Amino acid sequence: MADKLQALEEKVDQLVQLVEKLRTENSTAKAENLELRNELSRVQGEVNRLRVNQNDHSQAIKDRLQILVSHLQELEQISR
């Protein structure tokens, strides 16, 4: 009977150690997840900023091309 009780106590101790280990791992995983969420948010913000810059740059190029096309058309009309 004493052996069975001791074996049960050992099993309980093992379970307590396992629960403590899992709690520690869970805490670490939560901290890592928070860091990853923050990094993802930062990267998404950077992507959005780059998209806006790209759109602005593209529009500026389109505007400049339109001006050049207009000038070319004027030159063509003059040379006729």
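Glutamate 39 counts as partly exposed because its relative accessibility is 38%, the class between buried (under 20% relative accessible area) and exposed (over 50%), with a 1.4 Å probe and protein chains only. This is a predicted model, in which local features need pLDDT of at least 70, side-chain atom pairs count only at pLDDT 80 or more, and totals for chains, interfaces and linings use all residues. Residues are numbered from 1 along each chain as its sequence is written, and side-chain values use heavy atoms, with hydrogens and water left out.

Glutamate 39 forms a salt bridge with arginine 42, with 2.9 Å between the closest N and O atoms. A salt bridge here is a side-chain nitrogen of Lys or Arg within 4 Å of a carboxyl oxygen of Asp or Glu. The two residues are three apart in helix H1, so about one helical turn separates them. Helices are DSSP runs (H or I, at least four residues), numbered from the N terminus.

By this rule there are three salt bridges. Glutamate 46 pairs with arginine 49 in one of them, at 2.5 Å between the closest N and O atoms; both lie in helix H1, three residues apart. Glutamate 46 is partly exposed at 32% relative accessibility, and arginine 49 is partly exposed at 41%. Lysine 21 and glutamate 25 also form a salt bridge, at 3.9 Å from N to O. They are four residues apart in helix H1, so about one helical turn lies between them.

Leucine 5 is also in helix H1, which covers residues 2-78. At 49% relative accessibility, leucine 5 is partly exposed.
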